[in-house]
Amino acid sequence: MTPLDDFDGLDFEDRMATATFDVAGDAHIVVDGDACEGCTTKACVTVCPASLFVELSSGGVLFNYEQCFECGSCYLVCNEAGAITWRYPEGGKGVIVRRG
Ligand code: SF4
Ligand code: SF4
């Protein structure tokens, strides 16, 4: 069990099901498609709990930031320097998770 498995009495999946999104105009994660084409792991596709990365037959990935949980997992596992540029969304934007 991880700390996220029993967060306020809900498991991770139930907690994430309460999430809503106030999408910022500017993407808080930008993916460099050129870097992705040489990536052999496509670890972002596997790790993203929101399934926001889709592997393309061309070798690249398709990414959509709008339903991002801001967990940072993709940034941590990416093995290509500079492929992911991360910053938090502008104030008040992004994921909203109900507490209690
Ligand atoms: S792990 Fe990084 S380099 Fe590989 S496909 Fe994902 S974002 Fe691109
Ligand atoms: S921060 Fe988390 S939810 Fe957002 S794209 Fe990366 S892995 Fe997916």
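Start by selecting Val 54, which is partly exposed because it has 14 other C-beta atoms within 10 Å. (On this scale a residue is buried if 20 or more other C-beta atoms lie within 10 Å of its own, exposed if 12 or fewer, and partly exposed in between, with C-beta atoms placed from the backbone.) Before you click on: this is a predicted model, where local features need pLDDT of at least 70 and side-chain atom pairs count only at pLDDT 80 or more, while totals for chains, interfaces and linings use all residues. Residues are numbered from 1 along each chain as its sequence is written, and chains are lettered from A and ligands numbered from 1 in the order in which they are written.

Val 54 sits in strand β3, residues 53-55. Helices (H or I, at least four residues) and strands (E, at least two) are DSSP runs, numbered from the N terminus. Now show what Val 54 touches: leaving out neighbours within four places in sequence, it is in contact (C-beta atoms, placed from the backbone, within 7 Å) with Val 45, Val 61 and Leu 62.

Next, draw a C-alpha distance from Val 54 to Cys 44: you'll get 8.9 Å, for residues 10 apart along the chain. Cys 44 takes you to ligand 1, as one of the closest of the 13 residues around it, along with Cys 36, Cys 39, Cys 78 and Glu 80. The elements giving two or more residues to that shell are α2 (33-37) and α3 (43-47).

Last stop: Asn 64, in the loop between β4 (61-63) and α4 (73-77). Asn 64 is partly exposed too, with 14 other C-beta atoms within 10 Å.

Technical notes. Near = placed C-beta within 6 Å. Contact = placed C-beta atoms within 7 Å.
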